[in-house]
Amino acid sequence: MAIRKMLRRSLSSEKRSTSSGIEVPKGHCAVYVGESEKKRLVIPVSYLNHPLFQELLYQAEEEFGFHHPMGGLTIPCSADLFIDITSQLS
């Protein structure tokens, strides 16, 4: 999946600063979720292989293609739903 390759390239350094100045630790990535107001969350990259998360990535690809309005991976669901789904992955 092209999204995975893109994320792998962005995860090459141990810690990365974002435009907000907040670092994302190695083995994690930042995603944006929410309907009208986007919320930035940091998740383990291990989530990317889980079938539930794969479905979210598919929906993101369908809605945004490779143009993500927030400049990072944007997941098209509510923050509450995203948190519910990712809590099942832990």
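**Conventions.** I number residues from 1 along each chain as its sequence is written, and side-chain values use heavy atoms, with hydrogens and water left out. In this predicted model, local features need pLDDT of at least 70 and side-chain atom pairs count only at pLDDT 80 or more, while totals for chains, interfaces and linings use all residues.

**Sheet.** I took helices (H or I, at least four residues) and strands (E, at least two) as DSSP runs, numbered from the N terminus. I counted two strands as paired if DSSP finds at least two bridges between them. I then asked in which order the three strands of the open sheet run. The order is β4-β3-β5, and the pairing is mixed. The edge strands, each pairing on one side only, are β4 (39-44) and β5 (73-75). Neighbouring strands are turned against each other by 40 degrees on average, direction ignored. I looked up β3 (residues 28-33) next: β3 pairs with β4 over six bridges in the antiparallel sense. Within this region, Tyr32 stands opposite Arg40 in β4.

**Helices on the sheet.** For contact I used heavy atoms within 4.5 Å. Axes are lines fitted to C-alpha atoms, for helices over the stretch in contact, with angles from 0 to 180 degrees between N-to-C directions. Helix α2 (residues 51-64) lies across β4 and β5 and runs at about 100 degrees to β5. Helix α3 (residues 79-89) lies across β3, β4 and β5, at about 10 degrees to β4.

**Aromatic pairs.** Rings of Phe, Tyr and Trp (its six-membered ring) pair if their centres lie within 6.5 Å; planes under 30 degrees apart count as stacked, over 60 as edge-to-face and the rest as tilted. I found two aromatic pairs in the structure. Tyr47 and Phe53 form a tilted pair, at 6.4 Å centre to centre and 50 degrees between the planes. Phe53 and Phe82 form an edge-to-face pair, at 6.0 Å and 70 degrees. Because Phe53 lies in helix α2 and Phe82 in helix α3, this pair ties together parts that are 29 residues apart in sequence. I recorded Tyr47, Phe53 and Phe82 as one aromatic cluster.

**Burial.** Buried means under 20% relative accessible area, exposed over 50% and partly exposed in between (1.4 Å probe, protein chains only). Tyr47 is buried at 11%, and Phe53 is buried at 0%. Phe82 is buried as well.

**Cysteines.** I searched the whole structure for disulfides (cysteine sulfur atoms within 2.5 Å), and the search finds zero. Cys29 is buried, at 3% relative accessible area, and Cys77 is buried at 7%.
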